[in-house]
Amino acid sequence: MKYIVNEKGYYGEFGGAWIPEMMYTNIDELKHRYLKIIESEEFKNEFDHLLKDYVGRPSPLYFASRLSEHYGSKIYLKREDLNHTGSHKLNNTVGQILLAQKLGKTRVIAETGAGQHGVATATVCALKNIKCVVYMGALDVARQSPNVKKMKMLGAEVVPVHSGNKTLKDATNEAMRDWINNPEDTHYIIGSVVGPHPYPDMVARFQSVISEEIKWQLKEQTGSEFPARVLACVGGGSNAAGAFYHFLDDEQVELIGVEAAGKGVDTSETAATLTVGSPGILHAAKTMLMQNTDGQITEPYSISAGLDYPGIGPLHAHLFKSGRAKYLAATDEEVLYAALFLTQKEGIIPALESAHALAALDKIKMNPGDVNVINLSGSGNKDMETYLEYFGY
Amino acid sequence: MKNRINSLFESKKENILSVYFTAGFPNLNDTVEIIQQLEINGVDLIEIGMPFSDPTADGPTIQRSSEISLKNGMSLELLFEQLKNIRQTVKIPLILMGYLNPVYQFGVERFCEKCAEIGIDGTILPDLPLDEFEQYYKPVFEKHNLHNILLITPQTTESRIRQIDAASSVFIYMVSSSSTTGAGKKVEDFQRGYFERIQSMNLKNPRLIGFGISDGATFENACKYANGAIIGSAFVKAIDSEIKLEESVPGFIKNLLTTG
């Protein structure tokens with residue numbers, strides 16, 4: 001596969017493991033063992049079993065007829081919002097908790113933005129009876145309180161992070177510090193395709209079940225496994241990586257990632273990393289970053305806590321640079337209306353994150369015969385307060 | 001000119017005191033005075049911290065000093081400007097310590113040129129891994145007579161330590177425990193085994209112990225197992241006060257060197 005990570009952990013010029021020595025032993029162990037573990041029959045059986053009976057996979061590929069009628073093109077929704085815990089995040093945490101067990105780890109840490117990854121991590125930790133600590137920016141703790149309560153009910157300790165902008169980047173810093181301080185017993189479940197190699201590849205592999213299913217579901221429903229295009233929202237980029245993965249080498253399939261423009265890519269309140277960023281090193285990966293000329297990371301902004309990150313997975317930086325995928329950006333306002341539109345056309349309330357992908361439908365040209373797949377990465381349950389306040393219901 | 005860190009380790013074999021501070025903290029223009037005060041009061045080696053917005057290997061004290069420094073307006077450009085004439089007054093070796101991204105944006109080659117121009121003797125860039133350093137940057141560091149100091153930790157395997165020793169050109173930074181800076185656990189409580197193990201490896205490089213060294217007692221203990229030690233967070237805390245630097249710096253260093 002052409003766009004897959006190389007043996008040194010790079011996607012083109014991006015990626016690598018720019019880790020302090022304090023993390024070397026853990027990352028080195030992961031790097032040497034992850035493929036052997038996740039490709040073993042025993043692991044695969046366990047993983048597949050949990051995906052089916054616990055997560056509820058395969059998730060439906062739903063032909064959205066009213067949306068299709070409106071846009072004059074065929075639109076399919078990959079319903080990751082119907083997974084247990086309401087998003088694609090569980091695919092990765094199920095994989096990583098099994099891996100943590102194989103590595104003999106007894107404690108798990110995670111960072112979370114919207115709380116979806118935190119809930120997904122707390123869930124598998126409850127399932128496997130493993131101690132769980134979730135770092136979450138203090139601002140996100142305040143704006144995603146139902147997820148905070150869920151994590152606590154699941155038995156996880158939620159640590160609010162007060163540094164920086166008090167969002168996802170800061171939670172990631174604190175989780176990395178925890179790992180440095182607890183190198184022996186702890187596995188760090190990173191929630192996206194970010195961080196040092198092998199995380200971007202490992203998380204992409206766990207999420208690749210999304211595109212694996214899309215292929216056979218499309219074949220079943222349309223006779224061809226190749227859509228015209230696949231659309232997904234991108235923060236760190238895990239749901240997009242999963243939705244793109246098995247199409248990467250099928251160059252006839254257009255891949256479109258949608259970043260959070262926030263209040264606009266020409267304002268300082270944005271999280272559209274590829275649009276406004278430049279190459280640099282953050283969270284142990286070389287990737288595209290939002291930063292100033294002194295190399296200080298700029299605080300991102302988005303209405304959706306899950307996309308509020310100043311970097312992006314190195315795979316996406318490479319797909320962007322090489323032109324294999326196209327990246328657009330949608331503003332908060334466009335996203336809110338796209339969410340409302342889906343709700344009233346199809347009876348599905350999407351997560352704010354996923355609504356970014358929906359908002360892109362207004363920005364691209366689609367032919368009547370085209371099959372367009374949108375990865376509906378999460379449910380809007382966690383965003384009801386935002387929706388209700390904005391639309392005044 | 002001979003590298004000053006080499007000269008230091010040739011002339012002094014024990015009780016080497018290295019002090020870290022974050023440039024631009026507590027006030028933007030304190031940098032030069034702190035360096036001068038540290039030299040006057042008997043410090044052997046200084047690590048000048050280049051602040052970064054996301055210091056993932058640092059604890060709360062250095063996180064906070066970095067944040068304040070950046071708010072004060074510190075940047076790498078400005079730091080070099082402040083240090084422009086430092087060699088007119090300061091003779092001891094100076095090291096720049098910080099995260100890679102600001103250096104990367106500045107341009108690694110340009111950064112090394114600037115260091116040589118000013119009289120910086122080395123760097124500590126924790127998130128620049130050994131492989132990447134050797135693959136991309138080693139020649140330019142060597143060209144400018146700059147040592148890049150590498151770290152080892154209690155988890156570092158013996159073969160990795162040997163590799164780091166071979167790649168190190170002047171001394172090894174021994175992280176005392178599995179920790180971010182300023183974790184503040186007592187050194188002697190749990191590191192003796194690690195210190196003795198490293199001591200018995202007969203490494204070619206001398207070693208300084210850092211992280212968790214906060215007072216005379218922890219400094220003296222660390223010096224039993226290495227050529228000296230590094231104080232960071234405790235010093236940053238000590239100068240974070242209303243007291244003038246010309247009083248707070250001597251106060252801290254004297255206390256450290258006399259209460260061991």
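This is a predicted model: local features need pLDDT of at least 70, side-chain atom pairs count only at pLDDT 80 or more; totals for chains, interfaces and linings use all residues.
The structure holds 6 cavities of 30 Å³ or more. In the largest cavity there is about 360 Å³ of space. Its lining is made up of 29 residues, and those that lie nearest the centre are A:His88, A:Lys89, A:Ser238, A:Gly306 and A:Leu307. Four elements of chain A give two or more residues to this lining: strand 5 (107-112), helix 5 (116-128), helix 8 (168-181) and helix 11 (238-244). Sorted by class, the lining of the largest cavity has 18 polar residues, along with 7 nonpolar and 4 charged ones.

The second largest cavity contains about 110 Å³ of space. Of the 15 residues that line this second cavity, A:Glu21, B:Pro126, B:Leu128, B:Leu150 and B:Leu151 lie nearest its centre. Chain B supplies at least two lining residues from strand 6 (150-152) and at least two from helix 8 (158-167). The class make-up of this lining is 12 nonpolar, 1 polar and 2 charged residues.

Next comes the open space. The largest pocket has a volume of about 440 Å³. A total of 17 residues line this pocket, and A:Phe47, A:Asp48, A:Arg205, A:Ser208 and A:Glu212 are those nearest its centre. Helix 2 (41-55), helix 9 and helix 10 (209-222) of chain A each provide at least two residues of the pocket lining. The largest share, 5 residues, comes from helix 2 of chain A. By class, the pocket lining divides into 9 nonpolar, 6 charged and 2 polar residues.

Helix 9 of chain A, which contributes to the pocket lining, also takes part in a helix crossing. The axes of helix 4 (residues 89-102) and helix 9 (residues 199-207) of chain A come within 8 Å and cross at roughly 115°. This crossing of helix 4 and helix 9 of chain A is right-handed. On the side of helix 4 of chain A, the contact is made by A:Lys89, A:Asn91, A:Asn92, A:Gly95, A:Gln96 and A:Leu99, while helix 9 of chain A brings A:Tyr199, A:Met202, A:Val203, A:Phe206 and A:Gln207. Together, the contact has 5 nonpolar, 5 polar and 1 charged residues. One of these residues, A:Lys89 of helix 4, is also among those nearest the centre of the largest cavity.

In chain B, attention turns to a sheet. Here 9 strands form an open sheet in the order 5-4-3-2-1-9-8-7-6, with parallel pairing. Strand 5 (147-148) and strand 6 of chain B stand at the edges with a single partner strand each, so one side of each has no neighbour in the sheet. Strand 6 of chain B also supplies at least two residues to the lining of the second largest cavity.

Further in along the strand order, strand 1 (residues 16-22) and strand 9 (residues 228-231) of chain B pair in the parallel sense over 4 bridges. Within this pairing, B:Ile16 has B:Gly228 of strand 9 as its bridge partner. Helix 2 (residues 31-40) of chain B packs on the sheet, where it touches strand 1, strand 2 (45-50) and strand 3 (94-98) of chain B, and its direction makes about 165° with that of strand 1. Helix 13 (residues 245-258) of chain B lies across strand 1 and strand 9 of chain B and runs at about 150° to strand 1.

Definitions and conventions. Residues are numbered from 1 along each chain as its sequence is written. Chains are lettered from A and ligands numbered from 1 in the order in which they are written. Side-chain values use heavy atoms; hydrogens and water are left out. On a 1 Å grid over the protein atoms alone, a cavity is a set of points where a 1.4 Å probe fits but cannot get out, and a pocket is an open set with protein on both sides within 12 Å along at least five of seven lines; lining residues have an atom within 4 Å of a point. Grid points are joined across faces, edges and corners, and a volume is the space filled by probe spheres set on the points. Ala, Val, Leu, Ile, Met, Phe, Trp, Tyr, Cys and Pro count as nonpolar, Asp, Glu, Lys and Arg as charged, and the others, Gly among them, as polar. Axes are lines fitted to C-alpha atoms, for helices over the stretch in contact, and angles run from 0 to 180 degrees between N-to-C directions. A crossing is left-handed if the near helix is turned anticlockwise from the far one by less than a right angle, and right-handed if clockwise. Contact means heavy atoms within 4.5 Å. Two strands pair if DSSP finds at least two bridges between them.
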